Each structure stands twice: as structure tokens, then as C-alpha cells.
Amino acid sequence: MTASGPAARRAAALRRGGYGRYLARRAAQGVFVLWAAFTLSFVVLYLLPGDPVSIMLNATGDGVGVDPGAVAALRAEHHLDSSLVVQYLYALADAVCGDFGSSIPTGEPVTRAIAEALPQTLALTAVSFTLAVLAGGGLALLSTSVRWRPLRRVLLSLPPLGVSVPTFWIGLILLQLFSFRAQLFPATGNAGFSALVLPAITLAVPTGAVFAQVLAKNLAAAWRSPFVETARAKGLSRTHIQLRHALRNGSIPVLTIIGITVGQMLAGAVVVETVFSRNGIGRLTEESVAAQDIPVIQGLVVLSALVFVLVNLAVDAVYPLVDPRIGRLERRRAPQEALA
Amino acid sequence: MSLLEITDLRIAYGDRPAVEGVALTVAPGEIVALVGESGSGKSTTAHAVIGLLPGSAAVTGSVRFAGEELVGLRDKELEAVRGRRIGFVPQDPGVSLNPVKRIGEQIAETLRAHGLADRKGAAEEALKVLERAGLPDPELRARQYPHQLSGGMKQRVLIGIALSCGPELIIADEPTSALDVTVQRRILDHLEERARTTGTAVLLITHDLAVAADRADRVVVLRHGRVVEQGPASAVLTEPREDYTKALIAAAPTLTSDRLKTTDPAGVPVLRVEGLRKDFGSTLAVDDVSFAVRAGETYGLIGESGSGKSTIARLVLRLEDPTAGRITVVDEDVTALRGKALRGFRRRVQLVYQNPYSSLDPRFTVEQAVAQPAKAFAVGDTASRRRSVAELLDRVALSADTIDRRAGELSGGQRQRVAIARALILEPEIVVLDEPVSALDVSVQDQILRLLVDLQAERGLAYLFISHDFAVVRQVADTVGVLQAGRLVEQGPAEEVLREPEHPFTRELLAAVPGREVRV
Amino acid sequence: MTAVELLPDTATSVVADPRGSHGPVRRGGALRAAVRRPGLVLAVLVLLLVLGWAFFPEWFTSRDPFTGVPRDKLTAPGAEYWFGTDHLGRDLYTRVVYGAALSLKATAIAVAVGFVAGTLIGLVSGFVGGRFDGVVMRLVDVLLSIPGLLLSLAVVTALGFGTVNVAIAVGVASVASFARVMRADVFRARTEVFVEAATVSGVSRPEILLRHVLPHALGSVLVLAALEFGGAILAVSALSFLGFGAPPPQPEWGALVSEGRNYLASAWWLTTLPGFVVAASVLAANRISRALDRDGGDFR
């Protein structure tokens with residue numbers, strides 16, 4: 001994602017008009033992504049082999065001998081008697097109005113179920129994201145600053161370790177060490193900040209590791225670039241170069257992966273909230289999949305796309321302000337001297 | 001007493017030596033040129049002086065600056081010397097300024113790092129630096145980012161930074177090799193003038209003897225990490241003592257050296273371009289260009305970067321479609337060929353690229369690379385193709401065992417020979433040479449140019465020779481065309497254009513060719 | 001789930017360094033190279049061991065993964081039971097060994113699905129180019145906007161539970177990254193000077209695709225495949241941990257960790273050791289992927 005693709009596209013958009021039009025274009029693309037995510041989830045959930053109604057009713061535990069009336073009602077509710085296109089159009093029209101239907105087992109409207117679970121997960125994600133940025137950024141800075149080889153190697157090997165370890169395992173180990181052995185934090189539940197600590201750390205490990213990896217790579221690349229040589233030739237200290245030159249250049253590409261990272265934290269919450277028995281979006285997802293509660297799953301997929309779109313829109317808004325080169329990237333592709 | 005005194009400097013990367021016992025001196029206010037081909041260790045030596053080598057380099061010997069030993073100093077101590085007492089001008093200004101910091105900040109931070117100014121004072125001083133660098137509207141430039149400045153402006157900024165703290169010595173590492181010739185000259189003039197007026201000594205690293213001759217008081221010639229010869233510029237360049245220096249001087253083309261091409265072409269026109277035009281969106285890359293190339297003739301197309309010379313090559317090769325105009329090969333209009341006919345056309349026009357490192361697939365053996373065009377047109381069978389490849393390799397003076405090696409294992413000069421053999425296997429009528437020697441060292445460059453001239457005489461080839469270098473074009477071209485911003489501003493017989501250039505831009509290009517000071 | 005962030009790694013290394021392959025390539029000395037990279041050797045050994053478990057479990061253990069010795073239940077790891085026993089007295093080591101087959105099968109299916117579908121999409125999209133490429137890449141962007149695990153969960157919901165369905169779901173989630181890398185590589189290879197040189201020489205388009213573009217593009221996709229192998233182990237085990245994989249008593253790795261959750265306080269080994277095996281396998285796969293990446297670069 002940090003490749004020149006998105007950056008070039010931003011540059012192209014920015015060149016075509018002013019900042020306002022640029023943002024408007026990006027927002028329009030966001031709407032497209034939302035629509036496409038909705039359509040995709042519709043295709044996956046309703047068109048794959050298997051009759052959604054029997055899946056739904058089966059999952060509620062009724063099993064054999066379901067009430068034909070219930071089947072008919074469900075079919076009518078989801079317009080399953082009509083053609084696929086009509087079904088899809090009904091669903092899309094409802095979704096635009098914010099109606100994703102109701103949960104099969106509980107009958108609760110999907111949007112309300114999500115709204116109830118969202119605050120818990122937002123708190124978790126926010127704390128975890130902050131942790132990941134601080135720890136990942138710190139680790140990247142440290143590992144590129146340390147000049148003693150063995151320590152540097154150890155520090156550089158931490159991020160690959162972080163992305164390789166299963167999240168559920170980290171959570172369980174933290175539980176064992178800090179809840180059961182040391183009894184510092186509660187093992188489960190949503191009560192208060194102390195219940196947030198272990199889940200947040202767990203969720204922050206893979207994300208922080210990714211940040212550290214990407215940032216360390218960019219910092220290293222910056223240190224190899226000629227402008228750093230110029231800076232050194234000017235007599236600037238290593239610390240000055242690291243903080244004022246390398247970090248500034250190196251953190252710009254990190255911006256581009258924030259959207260994906262936040263989405264992955266939402267997905268990671270499924271595991272983390274299960275491990276720590278917390279209520280939230282993740283738990284809702286896990287329970288809905290277990291119950292094959294298709295309307296809720298679809299709502300969750302669209303929610304994650306919405307989060308992705310919003311975060312990326314924020315990144316897009318900031319990007320041209322931190323990277324003055326934007327608008328030039330596109331020109332680089334002018335074919336004039338391509339042969340040379 | 002000398003300002004800089006390097007004695008027995010040795011630098012190695014692991015077990016691979018890069019510099020083996022270099023000794024040289026620079027007196028206060030003196031300009032010394034360190035000349036050598038690629039791999040001679042000139043740049044490594046320069047970087048060693050201010051301790052900018054990577055950690056894997058092992059440095060021994062002595063570098064004394066104003067009596068103080070620099071080898072073995074700790075970073076903190078070196079930082080006080082760098083920028084403050086020794087300025088550095090890098091090779092490629094395009095990448096040597098931080099792209100996301102304003103120009104003004106990048107100048108000011110140097111002054112502040114050495115405690116020469118506070119925040120406010122440094123910002124004001126930065127404006128003066130820009131003014132002395134000869135940049136109009138310093139206030140505007142200080143607020144801009146590097147990508148908003150041209151290459152020449154950026155190099156002026158970098159020279160300004162190097163001089164900003166009043167250093168006693170400036171190290172300039174090939175300061176103009178990434179710039180256009182006309183810009184090159186202005187930047188060197190600027191650097192020389194600033195150095196002379198401030199009394200700053202300069203260690204000028206260059207691969208170009210002519211540049212050294214024009215600018216330096218003394219010249220040090222480096223080869224394989226050793227000093228071959230050194231002395232006053234005039235002496236070394238007019239009366240070289242060592243064979244290597246002599247060969248280097250003989251190989252370097254100047255505007256007065258002997259032309260390689262002596263015969264006059266008398267063939268019929270094989271390539272004719274009329275009213276050629278190419279737009280890329282709103283930019284006009286090629287504007288109403290007409291010329292003709294006869295069999296056995298070399299047409300030299302000269303221009304700076306962005307002049308449209310490469311676009312013309314692509315149009316002639318039909319890699320790009322012209323917006324307007326006509327291209328004729330012998331009597332066939334090839335402007336709009338498609339499909340099969342276009343493929344047939346490819347047999348008649350071949351191409352040699354500038355960069356031999358990227359124009360050959362590194363996975364291919366030399367045989368595969370050279371035989372590929374013949375195979376594409378199903379010429380002969382595998383055995384007969386191998387024979388033709390072997391003959392061609394012999395013709396381009398590559399040893400017989402080259403045939404089974406991979407392109408990746410060859411040197412730049414060898415690769416360019418392979419690329420020439422590949423261009424000839426289909427026996428084309430026209431060969432487009434796109435800066436065929438500009439990526440090569442002078443001695444190799446000379447060999448390749450001679451080879452091209454011989455092959456042309458032998459086979460009656462028509463060459464479209466594209467270059468930015470007037471001295472090179474002059475050696476091989478019968479006719480030259482001068483391109484400026486997509487327009488052919490002047491064309492005619494090479495000797496004539498050279499002797500009596502009519503267009504001011506041609507005169508500027510000619511004046512920019514280094515080597516005016518010392519005539520060999 | 002890490003593949004996407006690491007794409008630039010694999011992508012940039014493929015660009016031919018203009019002066020990189022200057023000298024002759026040094027061959028031989030594989031042993032010396034191995035000694036210099038102990039981490040890589042260890043990674044290869046770990047992966048070989050795990051593959052051995054998957055294909056010939058009976059070579060590695062003589063016990064049965066399904067029947068336990070009730071009186072030895074919840075025994076801590078020791079000489080008798082290397083990984084300890086679970087609440088039914090089953091040997092955990094044996095269950096991990098037999099679980100390798102299920103978990104690696106799912107991983108292999110997942111990578112195969114992503115690899116085949118993704119590279120085909122990327123190859124066609126990159127080579128056809130133009131408007132078609134624009135539409136395909138927009139779709140790929142949409143796929144990338146939905147977190148992989150969530151997409152897998154949606155697919156599992158539709159397909160139903162079980163090892164194979166989980167594998168397909170994980171594979172579907174990785175199609176987008178494969179497509180993207182392949183397409184970027186095809187594009188890059190298409191703009192290489194030597195590809196244009198082949199065009200000028202009159203070489204036909206299919207020939208260029210086959211001889212120049214594909215070999216150069218394949219390198220980084222294989223690197224990604226190795227990387228995705230690690231990612232797929234993680235994703236498969238996560239889904240299995242959540243209970244959507246094979247039903248008990250099948251010893252899938254993720255399910256083993258999940259079973260051990262009830263004994264967190266009393267039997268630490270039930271969660272820690274299977275989880276450790278998962279982590280070690282992923283780490284090994286990622287290490288090998290990185291080595292492939294770097295060697296791929298050196299090769300030129």
C-alpha cells in the first residue's frame with residue numbers, strides 16, 4: 001500500500017483541481033468503496049451456495065420442522081421471492097437509509113446492535129492504536145539510532161516477531177502472567193480502564209510491529225539517501241538528522257497504511273474481545289458468525305469499509321499538507337525522456 | 001604549508017581495496033582536480049576526508065587538515081569540521097536536498113548547527129546566501145521546496161550551503177555531472193568565481209579531463225586507487241608523463257581533436273523525416289522537425305534534456321505515434337504502419353540504448369540476447385544463428401567465450417558491444433544510437449565510437465546518433481542537427497556548423513564544451 | 001494479514017539495480033552462506049519438521065491423538081509427555097503433531113487459492129492494461145479496504161464451517177494482495193528498457209510476455225506466496241481458535257489453544273505450547289520469505 005500507487009493517484013487528483021476538489025473526489029471514491037463493499041458482501045452472503053433462509057433458521061436452533069409461516073415471513077422480509085436484482089436493489093435502498101435489517105436470532109435491528117457494541121471497541125482501538133504508534137515508532141527510531149550492532153540486530157528482529165505471533169496467543173499469555181499469576185489486571189470484562197490494559201496491549205502488538213517495520217524501513221532508506229549525506233556534510237549531528245530529516249521523510253509513507261491498519265484492528269478485536277470476554281464489535285462479529293446471522297455480518301462488513309473510508313479520507317486531507325511534493329509525482333511519468 | 005595533506009590513504013571494503021595509498025595536497029586557496037574513471041577511488045577519497053564513508057569501510061593513513069589529523073576522529077569532533085571548515089558539494093543536486101523541507105530552512109540549519117546564528121539571524125542569513133548564490137528573488141526561493149527549483153538552481157543552493165559558514169576548503173564531488181552542458185558551465189563558473197573571491201580552496205572530483213584543465217590549478221590523476229600522475233594543470237594535460245594519462249587525454253574528445261569519421265557518405269537518403277510533431281497532452285515535445293539521413297551517413301542530433309531528442313528517436317522507431325508529419329524509410333511511408341507491416345519495419349531499423357545495464361535482460365545469455373531478433377524473424381536455425389552470433393561477437397571485438405556468459409557478468413563496455421551486435425544481426429539499414437556512450441568511461445567510449453565508425457564504413461549503415469555532447473557528436477557525425485525545446489534550430493554539415501554556428505543556442509552549446517583552456 | 005504492508009518490500013527489490021550485477025556472480029559456498037545465516041537455517045529446519053509432522057505423523061509419535069490416559073490427565077510437560085496432557089489425558093505433543101496435517105492443509109489450500117486467482121487476475125489486468133485494468137484494480141482496492149479476517153469470516157458464514165471452508169475463506173481474503181503485486185510487477189517489467197528493446201527487435205507480444213515479463217514478475221509473487229504462507233497459518237489458526245474450523249476432537253492448532261483456555265490458571269501448557277508452535281511456523285515462513293526476497297535481488 002505504500003507503493004507509489006495511492007500516492008500517485010492522490011497526486012493526480014490534486015493536480016486536476018484545487019484542494020477542495022481533490023477532497024471532493026476522494027470523498028466520492030470513498031462512497032464508491034462503500035457501495036462496492038456492500039455489493040460484495042451481498043454477493044458473498046446471499047449468492048454463494050446455500051439457501052440463506054435455511055442457514056438462518058437452522059442457526060436459530062429450530063432445525064427440522066420449521067414453521068412454514070416463519071420461512072415465508074423471512075422470505076418476504078428479505079424479498080427472496082423476487083429476482084436477485086430486485087432483492088439487491090431493495091437491500092441497497094434500505095442500506096442507503098441506514099437499515100440493514102434485523103438480527104435473525106434476536107430480532108434486534110442491525111444498526112442498533114452495532115451502535116450498542118461500537119463504543120467499547122472504539123475505546124479499545126483508540127488506546128491500542130496510540131500504544132501501537134508510540135511503541136512502534138519508538139522501536140523504529142531506536143533501532144535505527146543504535147549503532148552497537150548486536151543491540152541493533154535484536155531491536156530489528158522484534159517487529160518481524162510481532163507480526164508472526166498469533167494475537168490470541170499473546171492475549172492468553174498476558175492473561176496467564178498478569179491476571180492469574182500476578183493478578184494485576186482483571187481477566188475478563190469491560191469494567192473500567194484496568195480491564196482495558198491487557199486487551200489493548202494484545203491488539204497493539206501486531207499493529208505496532210507493522211508500524212515499526214514500515215517506519216524502520218523508511219528511516220533506513222532515508223539514511224541511505226543523498227540528502228542525508230548532504231546533511232551530514234553540513235555538520236549536523238546524528239540526532240538532528242534522525243529527528244529533523246529522516247523521521248520527517250520516513251513517516252510520510254506510514255500515513256498511507258493507517259487506513260488499512262485501523263481496519264485490521266477492528267478485525268483483530270474479534271479475537272481479542274473473545275479472549276478477554278469483552279463486549280464490543282468483535283464479540284458481536286464472533287457471535288454472529290457462529291449463529292450465521294447474515295444481516296449483522298453484512299452490517300459489520302460495511303462498517304469496516306466505512307471506517308476504512310473515513311480514516312483514509314482523514315489521511316488524504318492531511319497528506320498534501322505534509323508532503324509538498326504531491327502534484328509532482330504524476331509529472332515524473334511524462335514520457336518525454338523515457339528513452340534516456 | 002598545505003591546507004589539506006593526504007598521505008598513504010588506504011580504504012578497503014572487507015577484502016576489496018578501493019583506495020591504495022593515495023597522497024595529495026591542497027594549498028590554501030588552490031583548486032585541485034582529482035581526475036579518474038569510474039572505480040578509480042576518486043569519490044571514495046573525497047568522502048574519506050570528511051568521514052562520510054559507510055561503516056563498512058576500513059580507513060588507514062593520514063588526512064591532515066590545517067595541521068589536524070582527521071582520520072580516527074570521533075563523530076562529534078568531525079561534525080565540528082564538516083560544513084564549518086570543509087564544505088561539500090554533492091554529485092546530483094536533484095536528490096541532495098531534503099524534498100520535504102523548505103530551501104531556507106535547509107540553509108539556516110547549517111548556520112545554527114555551528115552556532116553561527118540564532119533562529120532569526122539564520123533565516124536572514126539564508127536569504128543572503130541565496131542572493132550570493134545568484135538566485136533571483138531570494139525571499140521566494142527560501143520559502144520554496146526543492147522540487148520547485150531547477151537542477152542548476154539546486155546546485156547553486158548546495159554551493160551556497162557549502163560556502164555559508166566560510167570554510168577553508170570545499171570538496172566538490174562531480175558537481176555538474178548530473179546537469180545539462182550549458183548549466184554545467186554556468187555552475188562551474190559560479191563555483192570557481194565564488195572560490196576565488198572568498199579564497200576558499202577546492203578539491204574538485206571529476207571524470208572529465210577537460211573540466212579539470214579549465215578549472216584547476218593542479219591535477220591529480222587517479223587509477224585503481226593509486227595516484228598515477230600529478231602536477232600543474234597545464235603540464236599534466238599538455239605534457240603528460242605517464243602512458244595512462246596520455247591514453248586518457250587521447251581518448252577524451254574535444255572540439256579540436258581528430259575526427260574519427262573521415263570518409264564522406266555518398267549514399268541515397270534512407271531515412272526521411274518531414275514536419276514531425278508530437279504533443280503529450282498540452283506540452284509540445286517535438287515541433288515541426290524535418291531531416292534526412294543517407295546510407296553511410298551519421299546524423300548527429302544534439303540537445304539538452306527535455307529538448308525532445310529521445311522522443312524523436314522513439315517516433316522514428318515507431319514506439320510512439322507522431323501527432324503529425326511523415327517518416328519515410330527508403331521509399332516506404334512508415335508513419336502509420338500497424339501489425340505485420342510494423343513488425344517487418346522493425347527488421348530495417350534497430351536501436352542501441354544509452355544504458356547497457358538496463359537494455360539487456362540480465363537472465364539472458366549473450367547468445368540469447370544477440371540472437372533474439374533473428375529468432376523473432378525466424379532467420380536461420382539455432383545452429384546457424386549461433387554461428388552468426390559468434391561472427392558478430394568477433395566483429396565487435398568480444399572474446400569467443402563471451403557467447404555463453406550472462407549479460408549480468410559483463411562490464412559496461414562489453415555490454416554495449418553486445419547491444420551493438422544485437423542491433424546488427426538482422427542487417428538493418430538504419431541504427432538509432434541513443435546516447436550510446438554517455439554511460440561509459442572515456443577510454444571505453446573512444447573504443448565504442450571507433451567500432452561504430454568502422455561498422456558503418458563496412459556495412460553502409462545510416463546512423464541517427466543522439467547525444468547531448470557536442471565533442472562526441474563532432475567526432476562521428478557527418479551532419480548535425482541542434483534541437484532546442486522540440487525545434488530543430490540549426491542543421492548542416494558537422495564541420496560547418498561547428499566552425500560558423502548561426503543560431504545563438506548552438507553557439508552557447510559550443511561554448512559550454514569544456515576544454516577551452518588547454519588545447520591538446 | 002501482514003502481507004499487504006510488506007508489499008513495497010517485495011516490490012521495490014525487484015527493480016533491477018543498474019549497477020548491482022556488475023561483477024561476476026559468486027557461486028558455491030552454500031554451506032558457508034548457511035553458516036553465516038543461522039536464523040535462516042533454523043527457519044528451514046522448523047518448516048521441514050512441521051511438514052514432516054503433517055505428512056508422516058507416525059514417524060514422530062507412537063501415541064494416538066484421540067485416546068488419552070485418563071489417570072494422566074493434566075500432567076505438566078516432562079520426559080513422559082513432552083508437551084503435557086489435556087483434561088482427557090491425551091498427549092498434547094501427539095495432538096500438535098497430528099494437528100499439523102489439518103492446519104497445513106488448510107494453509108496450503110488458502111495460499112493456492114490466493115496465488116492462482118490473484119496472479120491470474122494481476123497478470124491479465126497488467127498485460128491488458130487500459131480501462132479493464134482500471135476497473136479490476138478498483139475492485140482490488142475495495143477488497144483491500146475490508147480487513148482480511150472480516151472478509152474471511154463473511155465467506156465462512158456463507159460457506160459454513162470446517163477446515164476446507166476456512167481455508168478457502170482465508171485464500172479469498174489474500175487474492176487482492178496477490179493480484180496487486182503481480183500486476184505491479186507486470187507493469188514494471190513492461191517498462192523495463194530490455195522489454196522495449198525486444199519490441200524494437202521485432203519480438204512478438206506473447207513471446208515478450210513469456211520470456212521477459214513473466215520470469216521477472218514471478219519472483220516477487222513467489223516471495224509474497226512464502227509471506228502469505230505465514231499469514232495464512234495465522235489466519236487459519238485464528239478462525240480455528242474462534243471455533244469455525246474442524247469440529248472437536250480434531251486437533252487443529254487454533255482449536256487446541258481454544259480448548260486449553262478453560263485451564264489457563266491450572267495448565268499453562270495447553271495454550272502456551274500449541275500457540276508457540278504456530279508462532280514458530282509463521283516466523284519460519286516469514287524468515288524464508290525474506291531470504292527469498294533478498295536472494296531474488298542478489299540474483300540479478
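Strand 17 (residues 430-434) and strand 18 (residues 462-467) of chain B run parallel and are joined by five bridges. The model described here is predicted.

The sheet in question is open and has six strands. Their order in chain B is 16-17-18-13-19-20, and the pairing is mixed. The edges are taken by strand 16 (349-352) and strand 20 (487-493) of chain B. Each edge strand has a single partner, so one side of each is left without a neighbour in the sheet. From one strand to the next, the twist averages 20°.

An antiparallel pair is found in chain B between strand 1 (residues 4-13) and strand 2 (residues 16-26). Eight bridges join the two strands. B:Leu9 has B:Val22, in strand 2, as its bridge partner. Strand 1 and strand 2 of chain B form a hairpin, with two residues between the strands. In this hairpin, B:Gly14 adopts a positive phi near 60°.

Domain records cover parts of chain B and chain A. For chain B, an unreviewed UniProt entry lists "domain: ABC transporter" at residues 4-249 and 271-510. Residues 4-249 of chain B are 40% helix and 26% strand. The end C-alpha atoms of that span lie 27 Å apart.

Helix packing in chain A was examined for one pair. The axes of helix 6 (residues 110-145) and helix 12 (residues 258-275) of chain A come within 10 Å and cross at roughly 125°. This angle makes helix 6 of chain A oblique to helix 12 of chain A. The crossing of the two helices is right-handed. Helix 6 of chain A contributes A:Thr121, A:Leu124, A:Thr125, A:Ser128 and A:Phe129 to the contact. These residues meet A:Val262, A:Met265, A:Leu266 and A:Ala269 in helix 12 of chain A. By class, the contact has six nonpolar, three polar and no charged residues.

Chain A also contacts chain C. The contact takes 45 residues from chain C and 49 residues from chain A. On the side of chain C, the elements that give two or more residues are helix 1 (3-14), helix 6 (130-145), helix 7 (148-159), helix 10 (205-241) and helix 12 (269-299). Helix 7 of chain C gives the most, with ten residues. The side of chain C that touches chain A has 31 nonpolar, twelve polar and two charged residues.

Between chain B and chain A, 36 residues of chain B are in contact with 26 residues of chain A. Helix 2 (75-81), helix 3 (103-113), helix 6 (151-164) and helix 11 (309-316) of chain B each supply at least two residues of the side that touches chain A. Helix 11 of chain B provides the largest share, four residues. By class, this side of chain B has 16 nonpolar, eleven polar and nine charged residues.

Terms used. Residues are numbered from 1 along each chain as its sequence is written. Chains are lettered from A and ligands numbered from 1 in the order in which they are written. This is a predicted model: local features need pLDDT of at least 70, side-chain atom pairs count only at pLDDT 80 or more; totals for chains, interfaces and linings use all residues. UniProt positions are given in the numbering used here, feature names are shortened, and annotations may be inferred rather than shown by experiment. Two residues are in contact if their C-beta atoms, placed from the backbone, lie within 7 Å. Ala, Val, Leu, Ile, Met, Phe, Trp, Tyr, Cys and Pro count as nonpolar, Asp, Glu, Lys and Arg as charged, and the others, Gly among them, as polar. Axes are lines fitted to C-alpha atoms, for helices over the stretch in contact, and angles run from 0 to 180 degrees between N-to-C directions. Angles under 35 degrees count as roughly parallel, over 145 as roughly antiparallel, 65 to 115 as roughly perpendicular and the rest as oblique. A crossing is left-handed if the near helix is turned anticlockwise from the far one by less than a right angle, and right-handed if clockwise. Two strands pair if DSSP finds at least two bridges between them.
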